[in-house]
Amino acid sequence: MTERRHGRQFVRTFFTSPTAVEGEDDSAKMLRRAIQLRGMQAPDVWVPDNEDATAPSMRDEGARNIVEVVSEDGADFPGEIHPRVVWHRDSPSARYRGFQHMLEITDPEGGAVEHIDGFVIPEVGDIDDWKKADEFFTIVENEHGLEEGSLTMSVIIESGQAELAMESLRDEMGKPTNNLERLFLLVNGEVDYTKDMRAMTPTGSLPPWPELRHNTSRGASAAGLIAVDGPYDDIRNVEGYRTRMTENQAKGMIGIWSLTPGQVVEANTSPLPPKTGSWLLDVDGQRVELESEDGIEVYDGDYVSLDALGDDYELLVGSTTRTLTGEELHEELLKMTSYVPSMDDIVDSMEEFEAAKEAGRGAIAMERSTTLRIGQTEFDISTDRMWDEATYQAAMTPISLFQDVYENRPDQHEELEERYGADVVERAMQVGR
Amino acid sequence: MTERRHGRQFVRTFFTSPTAVEGEDDSAKMLRRAIQLRGMQAPDVWVPDNEDATAPSMRDEGARNIVEVVSEDGADFPGEIHPRVVWHRDSPSARYRGFQHMLEITDPEGGAVEHIDGFVIPEVGDIDDWKKADEFFTIVENEHGLEEGSLTMSVIIESGQAELAMESLRDEMGKPTNNLERLFLLVNGEVDYTKDMRAMTPTGSLPPWPELRHNTSRGASAAGLIAVDGPYDDIRNVEGYRTRMTENQAKGMIGIWSLTPGQVVEANTSPLPPKTGSWLLDVDGQRVELESEDGIEVYDGDYVSLDALGDDYELLVGSTTRTLTGEELHEELLKMTSYVPSMDDIVDSMEEFEAAKEAGRGAIAMERSTTLRIGQTEFDISTDRMWDEATYQAAMTPISLFQDVYENRPDQHEELEERYGADVVERAMQVGR
Amino acid sequence: MTERRHGRQFVRTFFTSPTAVEGEDDSAKMLRRAIQLRGMQAPDVWVPDNEDATAPSMRDEGARNIVEVVSEDGADFPGEIHPRVVWHRDSPSARYRGFQHMLEITDPEGGAVEHIDGFVIPEVGDIDDWKKADEFFTIVENEHGLEEGSLTMSVIIESGQAELAMESLRDEMGKPTNNLERLFLLVNGEVDYTKDMRAMTPTGSLPPWPELRHNTSRGASAAGLIAVDGPYDDIRNVEGYRTRMTENQAKGMIGIWSLTPGQVVEANTSPLPPKTGSWLLDVDGQRVELESEDGIEVYDGDYVSLDALGDDYELLVGSTTRTLTGEELHEELLKMTSYVPSMDDIVDSMEEFEAAKEAGRGAIAMERSTTLRIGQTEFDISTDRMWDEATYQAAMTPISLFQDVYENRPDQHEELEERYGADVVERAMQVGR
């Protein structure tokens, strides 16, 4: 795995706030509210957004608001702070304005810069455009006496050009005439990307863009960066947001944009293993979670039913009935079920494998068994899964994420311990080290 | 959005005709018929096809036929004219023959060249192969006293090499030793691509190649070109053709190959917003269009049913029944429905947003409401959607397309006005300017 | 189609064996067993695996075992032999150890090298990392007096870096300071790729990675290499393995890793055309194979039913009933059915097209007809498909594969003739040449 260079190895949440709201007594209201967020409501990366979330006429005031709010309360904010400034591959005036705002926000006299981790640059184009932004970071650092490369740069991928640029990062980072090692997040921006690609859907909803998400995740993997998906603007649709995150995680894109503190909680939680494990049953192509009653996993829908017939069983799936021996039924049910391990389960398995490795064994079988109840009929299933070094390493991803969170977010310790119990948290912090 | 360089910003239709048919009194019959097409039956780009559609032995005659037919009737043809010549990355003799045909077709003595917009080059390989073709264009232009770069070049992407070449267009266009700025269309050729990739399906049908379509669309976006999908050869399957186009549009690939005037009509129409809006209901994972009866949207299938129970409601979806309050039902139905806006709706919303922006507001709520009838039960739903600059810009894509069509295709004015009404057309031509 | 440079044009199977198993009387047991495989149980490429399948402490012994077993029995093994050695883009010590093992295995004194076709290098990174491995091959060849480039190099794609490296192969192969023309297989390694991408799924199953598979297949196509998918570790799930292979074939990825001789048989067979053709019916989005009874294709499920009503027909699909004329029904059934041609069918069609081409015709209609029985009702359907040069070329892929297999695997002749009959085999070997 390519080494990540900056403070965080993982970023779950990218939360934007308008920097200046017109018609309010205090135009910095939203910033002041956001900087007070703590625990699961506080994002890993907070983005005072001096671009799209703020009206163009309010952006100079927005830059001043950032300085004021961050200098006052930035020291106590538990996440990183990365303001977004204006930028556009096709507009030198937008680029120059963004540069001026960066200069202003990082002026040591303002007192904010010590709490600012970097900036987010939207609407980047090809790699030479990224270099223009990087050069402004370098000048800003030099002007204000900051260490070269100390401000990270995150970009929004919202054009085909930028999607292609991610392929050359590995070649370009480290060249003597840039400081692109400052790169931190690759963030999708699907709304503007859709515009740039001139894509349309009948209802005006966003296309799913699976290839873009793959390419952003791959770009991050190849260059030691962190991939973040764009905003999910159907704010009330919590289930949809969760589904999107599960999809993203299977692509290696663990972070996602959050538009509300409610979305932050969801996105901070989603990539962490569940507190309790659960069994799933394939029902007409969908995986349905079984209900656990006194250690028995219960399915009481109509699609699948099971009856004992003497020594045999009758299994109905959809409209197909089969008579099976106990052994055949066991095989069939293994195919139809799967298990979502809890944090405790994962830590257990890893500890067991570590002990086996210590004892000189390279692969061990992990057993998993339970009793299913389908309709009125109960049946025991049990399966072995071989664990070798590769299985162990793959299982490490959620644990590494947890460890990164635990180390960087003391404000979430209490909630994490409530969720998992102190014992599991402690063991999860030890495993794999 | 990267600027498009040539006459058309969008191309909906790419229609090929054989240049010489053996065994006919007039071997140019198909060309003569195609060049008479007008209105929705006439493509945006017409391709006299001196490659695969024409037998190898007939291609010299085909080149002469192009000259004859285009010199006679090209002035009145409403679309652009881009003959396809032979070319192959692996065959110098095919490349040389293609060059000779280009020289012949553009000879000013033939009188066709003033109506010829460019050429289509099939079977290109890596970028250096594209440059070989470009060089022949330059020589042709120089020999015939045409302006350098005045003939556009479109290519068929039908190899893995060419798919990769699209990633370097942005770097290569503008180099001093080529004229690749002449590039116009990137056209998929899935049949030969399938052969080049050595892909197979059990029935011999074409694989869907979603990644190729994404990459072609992205290549066009990054380099200011126009993406066109390959032929859909199940000509009688109009529904399948439409589904393919809707999928393509969600990828930003708005143009498609057409094999018949009937397909041209479909493909000219598909990316334009509908005349009337419609409501969709999610039925078992499919979006079903509701029937509109006196302003009520009616679902009369079996999968969903709704009954009033005093103040509450019983909603059956599939085999799951839930009892919901009116408010819960409203929330649920909002999730299950979506709206496909008409051209009129889109123009309305854009005008409303423009007025709000003028008045200094950056975001406004657009309301959409209707009455649903599910079984015997009626229920009113109403939803707000926030429009900001990004929403506005995204909604602009179908309108920009419409404006491009209207400006470049006077022969379609009548049909467009019949479709939308003169008032909507006029407002659509004003909005966003 | 880009020319393939090495002995095989196609590789169906990539079968790995541990090189040294601890705690056995004979640590080379697995190698000795594998090298005896013949016929459909023997892979096209056999990989004595001195990396992940073998414990780190056993790898020096593993290298010696390879020499011993291959020198003894390699001459009679029907497939190619490509040991996998250790390598890692992030570990110079792993790379050096891999180099030492290559030196040892190819030492002419050991007598194995004449049966060794190349090596498999895992965990490669960007293209410069591939060049490091290539350089070791060159040194090995030089030290042992082998022809430069005579050992092929296959790589495992298991990082985002390596996925991107495949895009530059065409540019890099042929440069004077490397011998990358030795490249042979591009093999996906989804377990480690998942780790490198830091992807997670709830149950710990592997993500499907469709984009990676596309990109590997495309990389192979562009550079004249052969694409192979990674291991499918749910060994008992034969149906799942087959589905994966069918998916892969539609992406042009014809080879797949096999973990057992049983999987080898499946994977050697899957890309070959079936012995007998079959009709499929679309049933609720799934294609169901019809049963053939005395030349009639029978559907006896519930989802579709058909009744004759005088001259008309009543067709029930799901919960929708329509009354159709005979002609309408014919059209409808053509849409709902498809045909999977047998090897015999494919050869027939190709011969017919070749004869037509000889007679000067460029396109001919191929008829396909049958009688369907749905419930109690029989109905004849018949359809024409146009075949032109492109159709012919596309149909050639499975035939080319068959011809490559037949030429390179005399040990499979008997099984192939049993499967297809000697006559079909003979005709399949003639067609297209």
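## Close-up views of a predicted three-chain model

**View 1. The contact between chain A and chain B in the predicted model.** Chain A contributes 29 residues to this contact, and chain B contributes 40 residues. Together the two chains bury about 2,900 Å². Carbon and sulfur atoms account for 53% of that area.

**View 2. Salt bridges and polar contacts between chain A and chain B.** Three salt bridges are counted between the two chains. One pairing joins the side chains of Glu163(A) and Arg218(B). Its N to O distance is 3.1 Å. A salt bridge is counted here within 4 Å, so this pair qualifies. Polar contact between chain A and chain B comes to nine residue pairs, with both residues at pLDDT 80 or more.

**View 3. The side of chain A that touches chain B, element by element.** Helix 5 (160-165), helix 7 (190-196) and helix 8 (210-223) of chain A each give two or more residues to this side. Helix 7 of chain A gives the most, with five residues. By residue class, this side of chain A holds 13 charged, 10 nonpolar and six polar residues.

**View 4. Chain A laid on chain B.** A turn of 120° and a shift of 0.0 Å along the axis bring chain A onto chain B. The RMSD is 0.1 Å. This is the relation of a three-fold axis. Which residue of chain A has the C-alpha nearest the axis? It is Glu211(A), with its C-alpha 4.0 Å from the axis. The copies meet through different surfaces: 7% of the contact residues of chain A recur in chain B.

**View 5. Chain C laid on chain A.** A rotation of 120° superposes chain C on chain A, with 0.0 Å of shift along its axis. The RMSD of this superposition is 0.1 Å. In chain C, the C-alpha nearest the axis belongs to Glu211(C). That C-alpha lies 3.9 Å from the axis.

Methods. Residues numbered from 1 in each chain as written. Chains lettered and ligands numbered in written order. Predicted model: local features only at pLDDT ≥ 70, side-chain atom pairs only at ≥ 80, totals over all residues. Heavy atoms only, no water. Contact = heavy atoms within 4.5 Å. Buried area = accessible area lost by both parts, 1.4 Å probe. Polar contact = N/O pair within 3.5 Å; in protein donor to acceptor, adjacent residues only side chain to side chain. Helix = DSSP H or I, 4+ residues; strand = E, 2+ residues; numbered from the N terminus. Nonpolar A, V, L, I, M, F, W, Y, C, P; charged D, E, K, R; others polar. Least-squares fit on C-alpha atoms with pLDDT ≥ 70 in both.
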